[in-house]
Each structure stands twice: as C-alpha cells, then as structure tokens.
Protein chains: 4
Amino acid sequence: MTDAAPPRPDETYSYLGPAGTFTEAALKQVPEAAGKHWRSVNNVGEAFADVTSGRSIAAMIAIENSVDGGVSATQDALATVPGLRIAGEYLVPVNFVLVARPGTALDEVHVVNAHPVAYAQSRRWLEANLPDHGHIPATSNVQAAASLFESSNADAAVAPPGIVDHLDVEVLAEQIGDNPNAVTRFVLVTRKRAIPPRTGADKTSLIVELPDDEPGSLLAMLEQFSTRGVNLSLLESRPIGDELGRYRFVVDLDGHVEDERVADALLGLRRSSPNVIFLGSYPRADRREVEYHSKYDDEIFIEARDWLRGILSGEPEGD
Amino acid sequence: MTDAAPPRPDETYSYLGPAGTFTEAALKQVPEAAGKHWRSVNNVGEAFADVTSGRSIAAMIAIENSVDGGVSATQDALATVPGLRIAGEYLVPVNFVLVARPGTALDEVHVVNAHPVAYAQSRRWLEANLPDHGHIPATSNVQAAASLFESSNADAAVAPPGIVDHLDVEVLAEQIGDNPNAVTRFVLVTRKRAIPPRTGADKTSLIVELPDDEPGSLLAMLEQFSTRGVNLSLLESRPIGDELGRYRFVVDLDGHVEDERVADALLGLRRSSPNVIFLGSYPRADRREVEYHSKYDDEIFIEARDWLRGILSGEPEGD
Amino acid sequence: MTDAAPPRPDETYSYLGPAGTFTEAALKQVPEAAGKHWRSVNNVGEAFADVTSGRSIAAMIAIENSVDGGVSATQDALATVPGLRIAGEYLVPVNFVLVARPGTALDEVHVVNAHPVAYAQSRRWLEANLPDHGHIPATSNVQAAASLFESSNADAAVAPPGIVDHLDVEVLAEQIGDNPNAVTRFVLVTRKRAIPPRTGADKTSLIVELPDDEPGSLLAMLEQFSTRGVNLSLLESRPIGDELGRYRFVVDLDGHVEDERVADALLGLRRSSPNVIFLGSYPRADRREVEYHSKYDDEIFIEARDWLRGILSGEPEGD
Amino acid sequence: MTDAAPPRPDETYSYLGPAGTFTEAALKQVPEAAGKHWRSVNNVGEAFADVTSGRSIAAMIAIENSVDGGVSATQDALATVPGLRIAGEYLVPVNFVLVARPGTALDEVHVVNAHPVAYAQSRRWLEANLPDHGHIPATSNVQAAASLFESSNADAAVAPPGIVDHLDVEVLAEQIGDNPNAVTRFVLVTRKRAIPPRTGADKTSLIVELPDDEPGSLLAMLEQFSTRGVNLSLLESRPIGDELGRYRFVVDLDGHVEDERVADALLGLRRSSPNVIFLGSYPRADRREVEYHSKYDDEIFIEARDWLRGILSGEPEGD
C-alpha cells in the first residue's frame, strides 16, 4: 500500500482506532485484510458509514465483552443502520497494563486516565493498589496512554499490553484486569452480500422486535427456537428508545441459515415478529462444531416436507 | 337398484346396520349416496374391509358420541387399517324410546334389552322408572328391539324413535335418554384419494404417536399446534395395545391441510412424532367457519417464506 | 364367614361378578379382603352405591385395559359420584379361552357369546379361525360361558381360563387373546378417608375439568405438571356429556400428594381449573419407585418456602 | 443541617454528584430526604459502599434509561454487593443543552465535552449541527460543563438544563437530545429492611441466575411468571463475567412480593435457579395500578391451599 494514490475502497478496512487498540488486534486475525489499507475511525457510526457508503469493504467493531456485556452502541447501530451483514467473528483476549511516563513510580500515581470499559475491568486492582486515585475517562485505550503526553492531569493510564510498541511509556504493573480470562468478541461487518457457506461450526445473528400488546411474546419467541432444537448463545434486550419498556432483542444462535432447523425457526420468528433483521450466518470464532439432537437433522425436515407434499398431491403416503 | 345384477362397488355404501340405526340416518345425509346400494354390515372391521377391498366406495361409521365419548373400535381401526380417508362428517341427534311387544304395560317390564351405549345413555330414566330391571345387551339398537320377537327374556327394548317404521312395537316411553341434546358424530370413510377443496369451515383428522422416552412429549405436540394458532376440537388418547402406558392420540383440528398454518403444524408434528397418520381434511358438519387470529393467515406464511428465500439467495430483503 | 347372620358392612367387599371374573382375581390380591364377605354386583353404579351407602367397605372395579383403554363407565362414575377414594391398584393378566358345551367341535361353532371387551381382544383369532361366526354380547365374561347352558343361540363363548373351575365347559382353544401381554388394571374404591402413607412408589389419581373459553388450557394444565417434574402415566379425555367438544381429563401421575412437587402441582391445577377431583394417592401395583430429577426433591420446596418467609418477615436471607 | 457536626448517617443520602445532575433531580422527588444531608459521590460503588457501611441511610442511582437501556454498572453492583434493597423508583425526564463559556458562538465550537451517555443521546443533533466536532468524555454531565473552566480543550459541553443555576455558562442550543421523551429511571437503595406495604401499584426487582447445563432454562424461568399471570416490565441479561456465554438476568415484575401470585412465582424461581436475589418490592413511579387476570387473585391461591390442606388432613373436601 502506498500513500501516492487514495486507497481503493475494496482494499480498505475500517476499525476503531487508533493503532494499538484491541480492535486492531482483531483485524490482524483476518487473513484477507493483510496488506490492505486499514482506516482508523473514531466511533461505530463512522465505521458503519464507511461500509454503507462504500468507502470501506468492511469494518471491525467490538460487539460483546465477557465482563462488560454487549456493546450497546454496536447493537443499536446494527438494529438501525440498514444494509449491513456480519461476515465473521473474532475473539481477542483482553488484559491491561498500567503505564506512565518514564521515571514515574507507582506511589506517585494520583490520577489515572482510562477508557470507561477498561477502567471498569481494572477497578479491583486499582482500588486495592491505588485506593485514593482519581479517574479521567478516555475515548479509547490507546488515547488513555497518549494523554500522558498531552495537557492532562493524569499520572498513569490503563492501556493494552501492545501500547509499548507505539508509545514511549513505562509499564508500572501488568495483568491488572480483574478477570484474567476476559475476552472481547469483535465482528467484521460488510454490506449485504452472499452468505458464507456453512461449515458446521456456524453462528447466526439476528435482531428481533416483539409485538407490543402481547404478554408472553418473549416466551413465544423462545419457543420458536426451542421447538426446533436451536440453541441461543446470546440474548440481550435493548431499548427501542421511544419509551421505557419497549425492547428489541439481540440474538445469536448456534447454526447457519442454511441449516433446516435454523431456517424453519427464522420462518416462525418472521411470522410472529413485527421486525426481524437477519445480520448474517458466519463461522464461529472458536470453530467448535454446533451440537444438536439428531431429531433436528436436515433430513428430518426434508422428509416431513416430502410427506406433506405427498398428502397435498393426493398420493398415498406409502403405508 | 335391482337385485338382478350385483351392485357395482362404486355405487355401494357400507354402514353399520340394520336399517333403522342412527348410522343409516347419518348415511341419509349424504346427497351422493341417494339412490345407491346401501350395504348393512355388522361391525367396523367389516365396514373398513369393504372399503379397502373395493367392495364399497365408502363406509359410514360412528366415531364420537357427545355422552359416551370416542368410539374406541372406530378410532383403533382408523389407526391400524392403512389406506383410509375421512371424506366428511355428519351429526345425528340421538334419543331413545322404550318399546315393547304390543299390549305390554310399563309395570310388566322386568328385563330390558339394549345396546350398551344406548343403555348407558338411558340409565337415569331406567333407574328412576324401572328400579329393579335387568339388562340384556344387544349388538345394535335395532337388534335390541328385534330381540323382542326372538327367543329372548326381554320384556322391553331401548331403541331409536324410527324403529316404529320397521317393527310392530308399541312405544312405552319417549325421550328416555338422559341428555336431550345428545348427538353422535359419524364419518364417511373412503380409500385414499384427492382431498376435498377447502371451504373455510373444515376439519382435519390425525392420529399421532408420541416418542417413547421423552417426558413432556405431549406438551411438545400441543405446542406444534398452539404456536401456529391451530385449535383442537378433539384430543383422545388410545392405548397402542402392546403394554400399559403407551398411547396414540386421536386429533381433530380446526382447518384444512391446505391452510398454511395447518400444513406447517403437520410438518412440525411429522418431524417430532414416530408416526403421524393423516386421515383427511373435510367440511365440518356444522359448516361453522373456522376462527383464528389474523397473524396466522396464509399471507403471513407466504411472506415469511419469500423473506427467507431472499436471504438465502443473497439478495437484499428490501430494507 | 357364615350365611347365618347378614355380613357386616365393614367386612364386605363388592366386585363385578359373578365369581370367576377377572375382577374377582383382582380382589384375591387384596390381603385384607381375605376371609371377608365378597359381594358380586352387576355394574359399576351398583358397586359405587354399595360403597357410598355403607353396604360395603370397598369395591373392586376395572379402570383400564392395556388393549382396550380406559373403562369409560368407571371413569365417568368416578367423576360424578361424590365421596369416593382409590385405595390401591391391582394388575391382572388377561387372556381368554374359547369354551363350549362338552362334545362340541370347533367346526361346529357358528355363534360366539362374548363380553364386548373380550370379543374385541380376541377378534384376530376369531376372524382367522371362525371367519363366518356371529357374535352375541354378554354382560360379563363369566355370563358369556353361562349362557351356553341357557336358552341362547351361542355355540361357544370367550371366557377367562379360570372358568373351568366354575362351569362344566370344554376348552376348544387357549390363549386366543390377540395380545399375550394384555393386562387389566383394577382399583379398590372406598369412601373418603385418611390417605395411605407414601411409599416412594406411589400413584395419584385425579379428574380435571378445563376452563371453557381458553384455547391452550390443556397445554397450561400439562405445564402445571412439567414445571414441577411430575410425570403422567395416564391422561384420558372423557366427554362431560352436555355437548360435543367439552371434556374432562382422567389423570394418573407418578407420586404421592404428600410429595412436595405433587402437592404444588395440585395447587396450580386447582387454581387454574374449574373443578379438580382428588381420587387418591396409593401404592403402585408394580411397586416400582418413582423417578424424578433431584431438583424437585422435597427439600428444594421447603428451602424455597423458608427463603420466601425470610424475605416477607423482613429478615436478611443469609447472603 | 449545619457543617459544625458531621451529618448523622440516618440523615444522609448519597447520590451521584455533583449538584446539578439528573440524579440530584431524582433525589429531590423523595419527600423524606428533604432537609437531610445529601452526599455527592463519584460512582455506583461508592454509593453502595456508603449504604452497606452505614455512612448513609440510602443512595439514589440511575438504573435504566429509555434510550440507552440498563445502566450496567448499577445492575452489576446490585448483583454482587450483598445486603441491598430497592426502596423506591423515580423517573426524571432527560434533556440536554449545549453550553459554552460566555461569548462563545456555535460556529466556534470544535470540541465537545460530554458524558458518554449524554453524548450518545445527543449524537443526531451534534452530527447535524457540528459535523466536524471532536468528543472528550466526562465523568458526569455536570463535570462536562465544569471542564470548560479547567485546562480542557473543549469549547462546549452537553449538560442538563439546570446547569445554568450552578455555573456561569451560556446556552448555545436547547433540547438537543435526540428523543424528546427520554426519561431515566432511578432507584433509591437502602440496606435490607422491612418491605414497604403493598399499594396495588407495585413493582418487584430480582436478579436471577440460570442453571448452566440446561437448554431451555430461560424459557422455564419465563414460564414461572406466565403460569401465575405475572407480567415482566424489564428483562435484561448481564454477563456473569467469568466467561463468554454465562448470564444473569435483571428482572422487574408487576406486583408486590405479598401478592400471592408474585410470592408463588418467587418460590418457583428459587427452586429452579441456582441464585435468586430479591432486590425489593416498592411502589411504581407512575402509580399505575397493576393489571392482571382475576384468576390470579389472592383468594384463588388461598382457596387452593385450603382445599389441599383438607385433602392432606383426610377430611372431605366438601363435595
């Protein structure tokens, strides 16, 4: 890639920057992004605008954190920006270091700059080791560290381990995240296009609104899945935003839309919901094969359709 | 019809006879049977054998009584004799008279001949008016009265009101049935053939076996209907017969197999059941239009399929 | 027992006679009935009247047959005669012999006398071996054989094997029942009294009506059981009798009313049903211990009540 | 209240400060807090520590926003800090103004300081009117405005309308929130204590964990409510935090723990969940009476218990 000519859109990937963020680490896991132009953006809206306007071929964004839960801004944007598809998911282990300008000692730290999510995930360590610290929030994990070199009152910053490759900081403490197994799930978002073929280890993402006036409508929605043996790996409610008490649901399910049981569940969902957004079927990050009872095998669905077709055509059903 | 040539099978209707039974009254409701040969048979097995062997084009049999419940012999035969279809249902009001040989007074009656079902339905009257009577069972309501003229110990018989047209009996009491609204439902059974077109006031009959080893399988079966807004008008369990505790279910549902919601419920049923027998879709005897929530309209099902097809083909779904 | 004085009611057991029936065989299984007066009655109504009037301490009646299903007369009587309790159940293997007057050969048999249930269970043998036979129904299995010595047209009778101890008949064929494993379940019915203590291998019998106007009410009823891990061993619908389409349900469940999970299911049932009749908790005939998930153990229910009581009393719940 | 003596704990209310926040506006709605000491704290953890340590009698915190959804930090703290109770809820309409140092014109604004939630809720206005702006996050809405007078690069701040009473700022634009009906729900949190009496317009808050290894466990949880006619006004999932895919649920339901149907649902929940935290029953902010079907009335539950008690005691149940 050279800076001489503007990068071609079909060779550009947007991500929440700047360089050094966990989002960049996620993008590094995408083989087809290697050697392409990586465009750093400031927020999810900008990332999705790049995709829908054609400025980028895809955008990498965080969608869920094992400690902090769903990323609301991403979930809400996926629900409201039309024309998007999730093409893949990527997991990045999340841990943090406490960094400072060279020469700073830990007992000299009074004010800590940290992105709110990073701060929340390191709170236990900070409260134990810096009980009197103050907190200044940053817009990104990298920006938290960068602020140490700007007009900021912060003495230290919570940052990703890779920060030492980008900035001249000194690590005061490692592994300060409360949960050593914390992981963030990222998704690569594209414009609508052909669905990647099923691999047997797939995930399907949906956004579902429920009918207003029907008690038990969430129960009914869940039955659409359970009666087809479809397991949910994520179910989060998000306010639709017009008034308290109205929600949409963010759903991840095990399986691919080309799996008969998933397709049939989608049909049931579509019939009973005022709005279903299909966000994509894509390989699971962990490549773990989807398990389900053999009574929901594709053949069972196909055989039942053949049987019904026989009845409707007036032919004997073979007994 | 003449006796000169044997009746043509396609002009023969079998029914549980003899002439004068309620079954004959049901057959009189079938316009296309008028003027054809009516063959009186002794039991359900014989009636169905006539149909499957081609000796008759159809057989009329009782399937349910409002007082006595499902007719087990009919239900079991429909479950085990292959190749049958229900082509229509007919309702016959059921009431009874007490008859005797001319000249008999009510206080001379000590022994009553009656078909067990008729006896059960008249028991209250008999116990009140003839507290010390004995009971001799008959094979049919007509035979009960006929026995009065054979070597029988009976002094009176419980019989259909129309018996006076066939036999020289005297009516000792009218309307002796315990329930003045009692009604029996009959079905006209044919060999498998094209399904009658839907009328909007249809019924569909099924026999369903449940998987053995799964608790909650009846619940799951009922959900196949409820999640598609399909109402059941009949659900009866019948032992499969091999051991205590194993059942099949006789199901009547509101709607026609060509209704999308019914077809989809049948698919779900077929997938989850080791054995589903489709017995037919046919107009309801009472011609009452089937009511269901508009969210289960045909268009809803068709639209959902179009939506899914769009997703699978990789085309935008129009948002 | 002597005939000099009338038998004391508390020493009398009623049963569907006459001597030699399967019902008598069931009564022989009751240790406390040994040596007492056994009163043969003609029908279920008479048996229950003996109990409610105090003429007998208990009555033995058939309630379910593995081939023919529930005994409607018994089920309906239990639903409508108040003040009854089931005190125990008893299983009797059911098979049949074909008997005739001494000297009769099988090929001389043209008309067979048989109780309708026995006839239904032997039909396959009869149709194969006596294809042209006629059928005369009897009021009991013993009466069928007895009729051979009365003014009857029957040449042979279907009867229980023990008939040879009571009548001078010759056995033309053995084991003519279609199902060699056929078994009939009998119950010993008493007036309401203290419930027998639980044994861990118990059954509870109920009759439940469903609210009229609510679709899905059967589903809701079944959920009352499934959400407490209570398994049903019998579920039969019986028409209430006032019009087509209105049913009550005969329910047998695994467990004792003193089991917490059963008691809680009964509460849920009572709340949602216009009418629940508790017919009794009693040891299972097969003495097989009831299996259920440990999450429905008594302690779980007791602990939850303690927890709620703590909340309601304003005390900390111990966390 | 004077500053001479330290404020008595039972006269102290903690809230997310500083003065001027929406949280302070919520606290103003609490009659018994009038004239007491109001202690401004920096975060939810501090607020709850005040309550559990006895430094304050109660703390006011935001729990849900109609646009942004549940406040994760509050939900997670309620799930993990033991000994807390919600004593009441309060609604505060949420809107924003854009403020600047006096003399600043709108077209001079390049960088905006705003709390992330306020920023998210004003994004549409900001993107339309200040398309090239940068964003600096603040720890509170008031702090955003205060930063204008500190060493900050911000030219303007998003702040609550009441800010003009506290700071010498100029309003550049009013009503810049995207949703004019936006409202935030606050709860007053105390230590465990007696539950406020029921008013008929109550809400109950719970946190529920689901058993790990059981598919359909969310469905089963929802059925605990639906089978007792208990409506949910809030259901949010929050990661338990130890690994992706493990959730607890934040539940608000219509009714009071002293309502029989609610108490019974809690029992069912406790039995089926590894962990249920009762957070309190308290009057609804909108005072709207809870509606439910009369079949879930208290009397229905009481009558069923009496019925069962009669059965268990061996007494006739009055039929």
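Here is a short tour of this predicted model, stop by stop. Local features here need pLDDT of at least 70 and side-chain atom pairs count only at pLDDT 80 or more, while totals for chains, interfaces and linings use all residues. Residues are numbered from 1 along each chain as its sequence is written, and chains are lettered from A in the order in which they are written.

**Chains D and A.** Select both: 35 residues of chain D are in contact with 35 residues of chain A (C-beta atoms, placed from the backbone, within 7 Å). On the chain D side, β13 (232-239) gives the most, with 6 residues. By class, that side has 13 nonpolar, 15 polar and 7 charged residues (nonpolar is Ala, Val, Leu, Ile, Met, Phe, Trp, Tyr, Cys and Pro; charged is Asp, Glu, Lys and Arg; the others, Gly among them, are polar).

**Helix α7(D).** Stay on chain D and pick α7 (217-226), which also gives residues to the side touching chain A. Show D:Ala220, D:Met221, D:Gln224 and D:Phe225 against D:Ala265, D:Gly268, D:Leu269 and D:Ser272 to see the contact.

**Chain B.** Jump to α6(B), residues 217-226, where 7 of 10 residues are buried (20 or more other C-beta atoms within 10 Å of their own). Among them are B:Leu218, B:Met221 and B:Phe225.

**Chains B and C.** Finally, a rotation of 180 degrees with 0.0 Å of shift along its axis superposes B on C, RMSD 0.1 Å (least squares on C-alpha atoms with pLDDT of at least 70 in both). The copies are thus related as by a two-fold rotation axis.

Notes: Contact = placed C-beta atoms within 7 Å. Helix = DSSP H or I, 4+ residues; strand = E, 2+ residues; numbered from the N terminus. Buried ≥ 20, exposed ≤ 12 C-beta atoms within 10 Å, placed from the backbone.
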